[in-house]
Amino acid sequence: MPIDAAKALAAEPRSAEIAWDHKDVQLYHLGLGAGSPATDPAELRYTLESRLHVLPSFATVAGAGMGVVGGLSAPGIDIDLAAVLHGGQSVTLHRPLPTGGRAVSTSRVAAVYDKGKAAILVLRSEAADDEGPLWTSDAQIFVRGEGGWGGDRGPSERLELPGREPDKTVERPIREEQALLYRLSGDWNPLHADPEFAALAGFDRPILHGLCSYGMTLKAVVDTVLGGDVTRVRAYRTRFAGIVFPGETLRIRMWAGDGRVQVAVTAVERDDAPVLADTVVEHS
C-alpha cells in the first residue's frame, strides 16, 4: 500500500525556518479581495503598512512553510498527487500574528484515517518564534483510492446548521484575476491558472484555491461580526465541500453564538452550491 500509516506516524517531525514581512501580509490580503473600496478605513487595516493587522488565516501561507508539501513527502507516503484533494483546514492561534517575523515551522503527519475507498492524512504544522508558540495548523488531505487496510476511520462529525435565519449574510464577489493574484502567496498549482491543466482535472476553467475561499470567509466574519478585530479570533476550521470559480460570488451566512460563529458558504451563481461547510470561528 502506498501509505504506510505506522511509518508515517512514527516519522520524525521536519522543521524549517520561515520568515515574512508586511509585504507578504499585504499581498495575501489583496489576494483575498481586500482593498475595495481602496480608501475605506476598514480596508486599510489590511492594505496599509502603517495600520496593518494580520488576518489569522495568513498562517496557512506564512513563509510558504512546509505544511501540505512537507507532509506529502514524509516517510511512509508515496501517492499520486492527482488523487489528492484538500478536504479541510483548521488554524489555532496561540497569540496575534505579527506583521513580520521569523519562526521555526515544524510539520508532521498527525493522523492517518481509513475511509474505505480513500485515506485521510492530517498534516500538522506548528510555528513558534523566540517568544513562544504562534499557531497550529491542520490540513486534512483526502487521498482517493488509498483506503481499505482496516485502519481507524477517524471522526466524521457534521455540523447541523441552526434552525433559524442567519444573524448576518454577506456576499463577496471573486474577481476574474483573483486566483492569479492569490497564487503569488505560494500555491503555484496550475489548476488555479492554466485552462489546459484545469481541463485535464475535469473542470472547464481554473478554479479558485480552497484556502482563498477560506481566507475570504474569515475576513467576512471578522469584518461583520467581530468589529474588524483580528485579535479576537482564537481558532478557525472548515471542510471544503465544493469548488468555486473566479468571477462567481460567495454567499456567506453567519450564526453568532457564545464565543463562536458558525458559517455556511455557497456559490450564488450555481444555485447556492456548497463551498465551505462545518465551518466555525471561535473568538473571544
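How many salt bridges does a search of the whole structure find? The count comes to 17, and keep in mind that this is a predicted model. The close-ups below pick out a few of them.

**View A. R95 and E131 pair up through their side chains.** The N to O distance in this salt bridge is 3.9 Å. R95 sits in the loop linking β2 (84–93) to β3 (101–114), while E131 sits in the loop linking β4 (118–129) to β5 (132–144), so the contact ties together parts that are 36 residues apart in sequence. R95 is partly exposed, at 21% relative accessible area. E131 is exposed, with a relative accessibility of 69%.

**View B. R270 meets E248 in a salt bridge.** Here N to O comes out at 2.9 Å. It's another loop-to-loop link: R270 belongs to the loop between β9 (260–267) and β10 (273–283), and E248 to the loop between β7 (233–240) and β8 (249–256), so parts 22 residues apart in sequence get tied together.

**View C. D272 and R251 form a salt bridge between a loop and a strand.** Their side chains meet at 2.7 Å, N to O. D272 lies in the loop between β9 and β10 and R251 in strand β8, so this pair ties together parts 21 residues apart in sequence. D272 is partly exposed, its relative accessible area being 31%.

**View D. E43, R45, K219 and D223 make up one network.** What joins these residues is a set of salt bridges that share partners.

Key
Residues numbered from 1 in each chain as written. Predicted model: local features only at pLDDT ≥ 70, side-chain atom pairs only at ≥ 80, totals over all residues. Heavy atoms only, no water. Salt bridge = Lys/Arg side-chain N within 4 Å of Asp/Glu carboxyl O. Helix = DSSP H or I, 4+ residues; strand = E, 2+ residues; numbered from the N terminus. Buried < 20%, exposed > 50% of the residue type's maximum accessible area, 1.4 Å probe, protein only.
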